[in-house]
Amino acid sequence: MILLTAAQTRELDQATIEEQNITSAELMERAAESFVQWFRGRYATASAGEILVLCGPGNNGGDGLAAARLLQQAHYAVRVALLPAEQHSADWRHNRQRLTAAVPVTDISAAHLPHIAPHTLVVDALFGTGLSRPLEGLPAALVAHLAAADARVVAVDIPSGLFADAPQPADSAVVRAEHTVSFGLPKLAFLLPQNAKFVGEWHVGDIGLSQQFIANAASPWHYTDAAAVAGSLPPRSRFSHKGTFGHALLLAGSRGKMGAAVLAAGACQRGGAGLLTARVPGCGYDIFQISVPEAMCLPDPQPDVISELPDLTPYQAVGIGPGLGQEAASLAVLRQLLRDSAAAPGRSQPMPLIIDADALNLLGQHRELLDLLPENTVLTPHPKEFERLTEPARDDYHRLELLRDFAQRHRSLVVLKGAYSCLATPGGELHFNSTGNPGMATGGSGDVLTGLLLALRADARLLPADAVRLGVYAHGMAGDLAAHETGEAGLIAGDIVRQLGPALSRCSHLI
Ligand SMILES: NC(=O)C1=CN([C@@H]2O[C@H](COP(=O)(O)OP(=O)(O)OC[C@H]3O[C@@H](n4cnc5c(N)ncnc54)[C@H](OP(=O)(O)O)[C@@H]3O)[C@@H](O)[C@H]2O)[C@H](O)CC1
Ligand SMILES: [K+]
């Protein structure tokens, strides 16, 4: 699914109206119906109490007026408060007229802010994608009043005061919603950690927007949902053998951190690698062989860390980093790996690499190595690791800029890990992942992702970006399946490994 700017959203509305030969008021009615349908599913009339709908002067306010009418028809107790304005949109006026006397309406002024008892359900229809500047004056005072009242806010389309696709100045007034009910497509703003406190839980209703416009729209932002990964894991041929799915090499572990190697190896196996060989420090030999009997093991001559790179000839992909440590000997191995991978003997393409954890930190300390990254190398930093590779970000939007720029400059596939992990491609696309849950914020879940990506990059049937997008999605889905069994707090990385098979199998059955 693609994500659009606020300006493109307006064009999409217009395209829908023209394509379907409907009026803008009819499209607004669909939006209001979609909002009310969600609302009715969430709040029973008996327990909702009196609902206050706050309406601004544009079409967001128009949505609010139409929703107020529909809520009243559905037997909710509703009142409306209007923000004063010199001008109102045409569809606002249309819906103001359609509101019957059964819904009390008051005008908001600085002297008459609406009374809001604690826990009142408030529908925020003040401003939507037409927000043209940060809120000040009366709208800002109203937002503060809402916060002070401890209301339970449901935002229409987007919390008022929040820009859909750009940062707002620090401390500017933004409504803090418990839920945001949006239309058609999610907004980029919903996916950024800095906005979580405003957006709350978000939902998107289908209002029949032009699919043709969406399919042809140009945007760097994508949202990886089930449809996006459908078909990216081809079925296995009956005549396939273990060589078909590639031989992966994993360089992982150091004294005290062999668990990372074991988790990554388990994930690589569950991810479908035909063969896996692990290079581990000497001390990890027994641990690894006993924990992962399906894999082969090449113990390093050094007992505590990995100090020598094996010959890469037999392998189709290499993963490095989980539990590696940051010793000079391991840095030398990483440097050698980058050199050997760029021009692997007998290969037309560079070796597919996955670089994670301590290997990323080593890259951050020796940035000259970034120039050696073979094309389509996968890097999987969390925000701190990413900062070590680039620079501290001013905010989440700046971080996305840095991410996009980095992936383009180094022709790499970078997965910035987080609630909506974001894959940046060498072509400048940003793919936000939709699966996963907070239970996955636990030690070792990144090692699992590395192992899974290693398996998928070793599978020559998959294109590089498709493999990574699928891996990030399946990893999140495995976390969701695991959390279903263990709960979020009880989830540990090994649970994710155990659910990778079912998750991948679901992905391969998606159509
Ligand atoms: N497909 C859809 O998503 C649909 C969305 N709908 C809804 O329409 C809104 C967008 O409506 P729009 O009329 O474009 O814009 P808003 O309602 O958000 O606001 C515009 C008015 O607000 C004024 N404004 C803007 N910023 C401020 C501010 N900081 N302070 C005060 N006033 C402000 C603006 O005035 P200008 O001076 O900027 O001209 C306008 O008067 C979308 O979010 C959905 O809710 C449709 O219902 C159909 C489908
Ligand atoms: K709003």
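Which residue of β13 does V318 stand opposite? Hold that thought. First, the layout.

This is a predicted model. The protein divides into domain 1, residues 27–216, and domain 2, residues 228–509. Their C-alpha centres lie 42 Å apart. The two do touch: six residues from domain 1 and seven residues from domain 2 make the contact. On the domain 1 side, five of those residues are nonpolar, one is polar and none is charged.

Now the open sheet. It has seven strands, in the order β3-β2-β1-β4-β5-β6-β7, with parallel pairing. Strands of a sheet pair through backbone hydrogen bonds, either parallel or antiparallel. At the edges stand β3, residues 105–107, and β7. Each has a single partner strand, so one side of each is left without a neighbour in the sheet. From one strand to the next, the twist averages 20°.

Look at one pair inside that order. β1, residues 50–55, and β4, residues 121–125, run parallel and share four bridges. There, L52 stands opposite V122 in β4.

Next, helix α2. It packs on this sheet and touches β5, β6 and β7. Its direction makes about 130° with that of β7.

How far apart are the end C-alpha atoms of α2? They are 27 Å apart. Why does that agree with a helix of 19 residues? Because at 1.5 Å a residue, residues 24–42 should span 27 Å.

Which residues of α2 are buried? L27, M28, E29, A31, A32, S34, F35, V36 and F39. Note that E29 is on that list. Some of these positions sit three or four apart in number, and here is the general point. An α-helix has 3.6 residues a turn, so residues three or four places apart point the same way. What covers the buried residues? The cover includes the helices α1 (6–20), α4 (59–73) and α5 (90–98). It also includes the strands β5 (152–156), β6 (179–183) and β7 (201–205).

Last stop, strand β12, residues 317–320. In a regular strand the side chains alternate between the two faces of the sheet. Here both faces are covered. A317 and G319 are buried on one side, V318 and I320 on the other.

β12 has a parallel partner in β9, residues 247–251, with four bridges between them. In that pair A248 stands opposite A317. β12 also runs parallel to β13, residues 353–355, joined by three bridges.

And that brings back the opening question. V318 stands opposite L353 in β13.

Technical notes
Residues numbered from 1 in each chain as written. Chains lettered and ligands numbered in written order. Predicted model: local features only at pLDDT ≥ 70, side-chain atom pairs only at ≥ 80, totals over all residues. Helix = DSSP H or I, 4+ residues; strand = E, 2+ residues; numbered from the N terminus. Expected span 1.5 Å × (residues − 1). Buried ≥ 20, exposed ≤ 12 C-beta atoms within 10 Å, placed from the backbone. Domains from an automatic or database assignment. Nonpolar A, V, L, I, M, F, W, Y, C, P; charged D, E, K, R; others polar. Pairing = 2+ DSSP bridges. Axes fitted to C-alpha atoms, helices over the stretch in contact; angles between N-to-C directions.
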